[in-house]
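Have your viewer ready and your selection tool at hand.

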Amino acid sequence: MPERFVVLRHRELGDLSSLRAYRAAGGYEQLQRAVSTMKPAEVTAVVRASGLRGRGGAGFPTGAKWAFVPDDAGPRYVVVNNDESEPGTFKDHEITLANPHQMLEGAALAAYAVGAETVYVYCRGEFWHEMARLQRAVDDARRAGLLGADLWGRGVRIDVHVVAGAGAYICGEETALLSSLEGDLGQPRLKPPFPTVTGLFGRPTVVNNVETLANVPPIVAHGADWYRSLGTSGSPGTKVFSVSGHVERPGNYELPLGVPFRELLELAGGVWRGRALKAVLPSGASAPAIPAAAVMDLRLDWESVAERGSLLGSASLIVLDETVNMAWVAAMTTRFFEHESCGKCSPCREGTFWLDAVYRRLIGGRARPGDRALLGAIIGQMDGACFCPLGEFAQCVPRSSLADFGQDYDALEAGAGGRPAGGRP
Amino acid sequence: MSEERVTLTIDGIVLQVDPGTNLVDAAHEAGIEIPIFCHHPYLEPVGMCRMCLVEVGLPAVDPATGAAEQGPDGAPVVRFGPKLVAGCTALACEGMVVRTGTPAVSAQRRAVLEFLLTSHPLDCPVCDKGGECPLQNLTMRYGPGTSRFVWAEKYRFPKPVPIGPLVVLDRERCVLCARCVRFQEELAGDPVLGFESRARGMEIVSYSDPPFRSVFSGNTTDICPVGALTTVDFRFQARPWEVVAVPGVCVHCAVGCNLAYDIRHGRVERVMPRRNDEVNEIWLCDKGRFGHHFASAPDRLRSPLVRREGRLVEATWDEALAAVADGLAAVRNAHGAAAVGGIAGDHLPNEDLYVFGRFLRAVVGTNNVDHLPGLCRDDTVLRAGVGAGTRWADVGSGTTVLVVGLDVEEEAPLLFLHLHRARRRGARLVVLSGRPSKLDGLAAAVLRYRYGEEEAVAATLVAAALPGGREVRARRADGGALSAAVAAIGEARDLMVLFGHEAQRAGLVPALAALVAGTGHVGRPNNGLVAVGRHANAQGAADMGVLPDWLPGTVPFTDQEGCRRLAAAWPGPVPTARGLEAAAMLAGGVRALMVAGTDPVGAGSAVADTLMGLDLLVVQELFLTATARQAHVVLPALSAPERDGTFTNCMRRVQRFSAAVRPDGLGRPDWQILRDVAVRMGVSEPYASAGDVLQEITRLVPGYSGLAPAALGAVPPDQPQDIVLPFAPLTAARDVEYLGTAYENRFGAGWVWPVADGGDTHRGPPPAPPAVMADLTPEPATPPADAMLLVPVPLLYDRGTMLEASLVLRPLVPRPYVAVCPSDAQRLGLVHGTAVCVRAPGGSARALLRVVEGVPPGCALAPDGLAWTTPVVTLVQGRRYAPVSIEAAGA
C-alpha cells in the first residue's frame with residue numbers, strides 16, 4: 001500500500017512550513033470558508049461525520065468531544081496537546097516543524113466550532129526548535145489576518161498562544177496538561193468532570209492532539225465521505241505511524257488505518273541487518289508487546305490491535321529484532337515510567353519504583369530468588385488501582401514480556417544479568 | 001436538605017445518605033470502615049492513596065425500555081464493574097450496592113499498604129505518631145504481615161527537616177496524601193504548602209517566607225495519617241499511650257476552642273483539639289496548641305506575698321488573708337465602702353467573676369466593680385446577640401458576615417478559618433476597619449475608616465443599609481465598596497456582625513446593634529452580633545455583672561426586682577450608688593483596690609505611681625506582674641488547667657473545663673481566695689467548689705437559668721454517647737484513621753444562653769438607630785504636618801504573661817516595630833528595617849520600622865504586647881491612638 005499524505009502533505013508538496021507555501025497549497029481557505037459561510041455546529045458536524053478519532057492515543061471521536069462543550073455563555077478554550085513524549089513517537093514533532101500551519105488551521109477550526117477565542121498550544125518542554133517554528137507560524141498568520149481579532153470581518157476572534165511545558169511525560173495526559181498550563185504541578189485531575197465541561201481555568205475546554213487537528217482542514221475541505229473512504233469503518237482516515245527500532249528506515253509513515261503491519265514494515269525497509277523480528281511495541285512504552293508471529297498480518301487500526309490484546313495508541317511502533325531480550329525492554333520501559341510517574345497515586349508511584357528496583361536487580365546480575373514472580377505480583381497489585389492511565393500503561397510491557405517471553409527471564413533470574421545481546425552497536 | 005436522600009446498600013446494610021455523599025463517608029455513617037489515607041471528611045476528595053477501593057454495583061437498566069432489570073426473584077439486578085472504585089471519589093446514588101469485604105477488596109488493601117510501606121522507614125519505635133498512627137493501625141488491620149521489598153533499596157531522604165518553626169517533616173514517612181497541602185489551602189486559607197518534584201522523589205515543601213507561615217500549622221500534624229509531620233513541642237517527649245487526656249477549653253481568646261491537655265506525670269505534654277462542631281470542629285490555632293506552658297512556668301507565683309517594710313515577702317495564707325481582710329475593713333471604716341473597688345480580668349472563669357462581683361457588692365458593699373479590657377459593657381449582646389443554634393458549617397451562600405474593627409486572624413484565629421470556609425461555601429464577607437488585615441483578601445467589600453472618623457463611617461454604612469436607607473454617596477471615592485457592602489448586607493438572608501475591641505472603643509456598637517435589629521437579623525441562628533473579645537471569658541465577664549452599672553445577667557443595677565432577688569441570696573444588699581469604671585478607679589477614685597487576673601500597669605492602662613498611693617492594693621495573679629509588684633498583698637491564683645470552671649465564649653456558649661494538672665505551689669482558684677477573704681471578714685460563703693458557684697449562677701443569673709450540669713455535658717448526637725466521668729481518659733474516644741488525632745467530645749459541647757426567647761422579663765426593646773446619622777464623613781483631624789498617628793494593634797503572638805513560658809512560640813514573636821506605608825516612609829526619609837525612636841505624649845520608645853503596603857497613610861501601626869521599652873498603650877496614654885513623631889534612633 002502506498003503512503004497517502006493527508007497530514008504529512010509536505011512530503012508531497014515540498015516545504016509547507018512557510019505561510020506563503022501553505023497558502024499556495026490552499027492553506028487557510030477552509031478556515032476562511034468556515035468562518036464566512038458555515039455555522040460552528042456545521043464544522044462540528046462534518047468532523048463528527050468523518051469519524052475522525054483522536055490521534056494522541058485514546059482514539060476518542062473528535063467530533064463527539066467537540067459536541068460535549070456546553071452552550072453556556074463565557075469563555076471556553078481549545079488546547080493543542082503537543083506534549084509528544086511517548087517513547088518512539090515523533091509525529092507531532094514533524095508536523096510542527098514541517099506543516100505547522102495545517103495544525104494551526106485545524107486548531108482555529110476547532111476553536112470556531114466550539115466558540116473558543118483562545119487556543120493554547122502546550123508543547124513538550126524540550127521542543128525548543130518546534131516552539132520557535134510554531135511561534136513564527138502563529139506570528140505570520142496573525143500578521144496576515146488569518147488569526148487574531150475580527151477574522152474576515154465576521155467578528156470572530158481566535159488567538160493562539162504557544163506555551164512550553166516543563167518536561168513531564170504525565171502532562172500529555174489532558175487533565176495534567178491543564179493543571180500544568182494553569183501553573184500548577186502537572187498531576188492528573190479527577191474525571192468527571194471532563195475538560196469539555198470543566199477544563200482550563202474551570203471552563204469548557206477541548207484538548208486535541210496535533211495530528212488530530214492537522215486532519216481537520218482536509219476533512220472540512222473534502223468532506224466526511226472522502227475521509228471515510230480512507231482507513232476502516234471504525235478507524236477512518238490515515239495515520240502517521242512512527243516506526244523506530246530495528247528497521248532499515250525508521251521514520252514517520254502516513255498510511256490509511258487498517259494497513260497490515262507487514263506493509264508498514266516493508267516501507268520501513270524491513271528488519272535491519274536481515275535479522276528476524278522478535279516483537280513489536282505498537283504504542284511506544286505504553287502497550288503490550290506483540291510477538292512476531294502475531295504481528296505480521298495484524299491490521300493497524302484501533303479495533304484490530306485491541307482485539308489482539310494490545311493498544312494502537314499513538315501508533316509509535318518500536319520494532320525489536322531477534323537479539324533483544326524482552327526482559328531488558330521491560331526494564332527500560334519501567335525505568336521510564338518510574339522516572340515519569342507523577343507521584344500522585346500510591347500504586348503508580350510506589351509500584352513503578354518497586355518494579356524498577358527489581359528490574360535493576362535482574363539486569364544488574366543481582367537477581368534474588370522469586371524475582372520473576374515478584375514482578376508479576378507487583379504488576380497485579382497495580383492493576384486497576386491507579387489514578388490515571390499512566391500507572392496502567394506502566395504494567396503493559398512488563399506483563400506481556402513475562403507472559404510471552406518468559407524464557408528471556410531465565411538467565412537473568414539465575415543471576416546472569418547483562419544487556420541484551422544485540423543492542424545498537 | 002431539599003434534595004431527596006439516596007438509598008444504598010453497603011455490605012448488606014441499607015442506609016440513606018444525602019446526595020453527594022461519597023462512599024467512605026456513607027460507610028462511616030453506617031459504622032463500616034473503608035480505610036483511607038488521603039481522604040479526610042473535612043477536605044475535598046482527591047482519590048490519591050487508592051486505599052479506599054471497593055466493589056461498586058449499580059442497578060442494571062434495560063437499554064431498550066430504560067426500566068430497571070429484575071431478576072427471576074423480582075429483585076433488581078445489580079451489575080458490578082470490572083474494576084474496583086475509589087470510595088472517596090465515588091458518590092452514593094440510588095440503588096447502589098457496595099461491597100467492602102470481598103477478597104478482591106482485601107487484596108487491594110494489602111497491596112496498597114505494601115506499596116506505601118515499601119518507601120516507609122518502619123521506624124515506629126522512635127516515631128511520635130506510634131500508637132495513634134493510621135498507617136500503623138490500618139497495616140495491623142488490613143496489611144500484609146511482611147514486606148517483599150528489599151530494605152536496602154528503600155528511597156532515602158535526609159531525616160527530618162523543619163518545614164516551619166513549629167512543625168517538622170520526615171519525608172521518608174510521608175505517604176504524599178496531600179492532607180496537609182489541602183488543609184492549608186481549603187480550610188486554613190494559607191496555601192503555603194505544596195508538592196515538589198515527582199514520582200517517589202516527590203516531597204512536601206513550604207513556599208512561604210518565612211516557611212509554613214500559618215497560624216494553623218499544628219493541625220496538619222493531627223490529620224497527617226503517618227508520622228511525617230510532628231510538632232516541635234511534642235517530638236520525643238512522650239508516647240501517645242502514656243498520656244491521659246483531660247478536657248479543657250482554650251484560655252487564649254474568645255473563641256473558646258475545645259481542647260484536651262495530654263498529661264503525663266502531672267505535666268502537660270501537648271494540647272490536642274477536642275471536637276466541637278459548633279466551636280472549633282477539630283482544629284486549634286498554633287497559639288492554643290503551643291501556648292500551654294504557662295501552667296508550669298518557673299516564674300509562677302507559688303506562695304502569697306505580703307509587703308513588709310516596703311518589700312514583698314512570702315507569707316502564709318493566714319497572714320495574707322488577714323492582711324487583706326483587715327486592710328479592706330480599715331479602708332471601709334475610714335472612707336466608706338465606696339472607697340473600695342475591684343477590677344477583674346476577663347480571662348477568669350465565670351465562677352470567679354461571679355464571686356468577684358458578689359464579694360465587692362454584697363460583702364464589701366460597693367458597685368465599684370469592673371473588668372478589663374471589657375468588650376461588653378451593656379446589654380447589647382443580650383438584645384442583639386447572635387441567635388442560639390448558630391453553626392459555622394451552615395454559614396455559606398446567602399449569609400453575609402460583617403466584620404468590624406477586628407483583625408480576625410490575630411485576635412480570634414479560628415474565626416478566620418471559619419470565615420474562609422464560609423466564603424468558599426458562598427458567604428459574603430464585608431470588612432469595616434481602619435487598617436489592612438488578611439481578611440481583606442476574602443471580602444466582597446472592604447470599607448476603611450480613618451482613625452478618628454470611625455463612628456461617622458459606620459453610621460454612613462448603617463444608614464445606607466437599613467431598610468428605606470438613604471442613598472448615600474461616599475465622600476471619598478471608595479471604588480464602589482460602600483454600595484457593594486450595602487448590597488451584600490441588603491441581599492443577605494442571614495447577617496452576622498463580628499466586632500472587636502477597636503470597634504467597641506470607637507463607639508460603633510450601638511450602630512451595629514441598630515443594623516442587625518433594623519434589618520431583622522436578630523433572634524435567629526446565624527444572625528446577630530458577635531462580640532469578639534481578646535480573652536477567653538470576655539462575654540462571661542459582662543454576663544457575671546463585673547460592671548459598675550450592671551448586675552449578673554446584664555440586669556441594670558437600678559432594677560429593683562433584680563436587686564431584691566440577689567439580696568435574698570447574697571450576704572448583703574446590692575449597693576444603690578453607681579460604681580466607678582476601671583479607669584476611674586485606676587486614676588485614684590478609690591483607696592483600696594482588688595485586682596484579679598489583670599495587669600493594668602503592664603497593659604499601660606494604669607500608672608504605677610497612682611497605685612503606689614493606695615491604702616491597699618490586693619492582686620490575685622499567676623505571675624508577679626507589673627501591677628502585682630506594686631501590691632500590698634499578692635495572692636497566688638490557679639490557671640484554668642489547674643482547676644475546673646466554665647468560660648462563656650464569644651458566641652455565648654458556656655463551656656466547662658476540668659483540672660488537668662496538680663498545681664505546683666500554694667495557689668488557689670480566685671473564687672476560693674475571695675471566699676476565704678469573706679470568711680475573714682466574718683461573712684460565711686457557702687461554696688466548697690466551683691460547681692457550687694455554678695449552681696448559684698444557674699439559680700440567680702438570668703439567661704444562665706437553663707444551664708444545668710447536664711446541659712454543659714451534653715454531647716452532640718453524632719458523637720459517642722456513653723456516659724463518662726470528667727476524669728475518664730479520652731484516649732479511646734478517637735477515630736484516628738478517619739478524623740485524625742483530635743479527640744471526640746465526650747465531655748460536653750457546651751450550652752448557649754438564649755437571647756430572644758428566654759422569657760426573661762428585663763429584656764428591653766430592640767436597639768434603635770443612633771439619633772445622629774451622619775451622611776457625610778467629616779474631615780479627619782489632621783495631625784501636625786510631620787506627625788504620625790500611632791495606633792496600637794493586637795498581635796496573636798506577643799509577650800503576654802500567658803505566652804511568655806511557651807518558648808516554642810518565641811521565635812514567632814517579633815521585636816517591637818512600627819509599620820508605616822511606603823509614602824510615609826519616604827516622607828520621613830526612613831527605610832524598612834531602620835531602628836527608630838517613637839516620641840509620643842506618653843514617652844518614647846525604640847522600635848524597628850517596617851514599611852508595609854496598605855498601612856493607612858499617616859498611621860504608624862504599633863503591635864502592643866511586645867518587648868517595648870515603653871508599652872504602646874502608655875505611649876498613647878491609654879487612648880486609642882495619639883500623634884507621635886518617628887525619627888531614626890541614635891541620631
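Which residues have the most contacts inside the largest nonpolar core? Select V404(B), V497(B) and F499(B): these have the most contacts within that core, which has 401 residues. Here a nonpolar core is a set of buried Ala, Val, Leu, Ile, Met, Phe, Trp, Tyr and Cys residues joined through C-beta atoms within 7 Å. A residue counts as buried if 20 or more other C-beta atoms lie within 10 Å of its own, as exposed if 12 or fewer do, and as partly exposed in between, with C-beta atoms placed from the backbone.

A note before you click on: this is a predicted model, in which local features need pLDDT of at least 70 and side-chain atom pairs count only at pLDDT 80 or more, while totals for chains, interfaces and linings use all residues. Residues are numbered from 1 along each chain as its sequence is written, and chains are lettered from A and ligands numbered from 1 in the order in which they are written.

**Stop 1**

Beyond its neighbours within four places in sequence, V497(B) touches L402(B), V404(B), L512(B), L515(B), V516(B), L529(B) and V530(B). For a second, separate core of 32 residues, pick Y451(B), A840(B), Y881(B) and I886(B), which are among its members. In soluble globular proteins, nonpolar side chains tend to be buried together.

**Stop 2: a helix in chain B**

Now colour helix α8 of chain B, residues 350-364, and find V363(B) in it. Is V363(B) buried or exposed? V363(B) is buried, because 23 C-beta neighbours lie inside 10 Å. Leaving out neighbours within four places in sequence, its contacts are P571(B), G572(B), A678(B), M681(B) and V683(B).

**Stop 3: all of chain B**

Zoom out to chain B, which has 25 helices and 37 strands. Helices (H or I, at least four residues) and strands (E, at least two) are DSSP runs, numbered from the N terminus. The C-alpha trace spans about 100 × 65 × 60 Å along its principal axes, and 58% of the 891 residues of chain B are buried.

**Stop 4: chain A and its domains**

Switch to chain A, with 21 helices and 12 strands. Buried residues make up 59% of its 425 residues. Colour domain 1 (10-228), domain 2 (238-321) and domain 3 (326-413) separately; such bounds come from an automatic or database domain assignment. The centres of domain 1 and domain 3 of chain A, taken over C-alpha atoms, are 35 Å apart. Where these two domains of chain A meet, 9 residues of domain 1 are in contact with 8 residues of domain 3.

**Stop 5: where the chains touch**

Finally, show both chains and select their contact, with 23 residues from chain A and 30 residues from chain B. On the chain A side, α16 (326-340), α17 (346-363) and α18 (371-382) each supply at least two residues. Which helix gives the largest share of that side? The largest share, 8 residues, comes from α17(A).

Definitions and conventions:
Contact = placed C-beta atoms within 7 Å.
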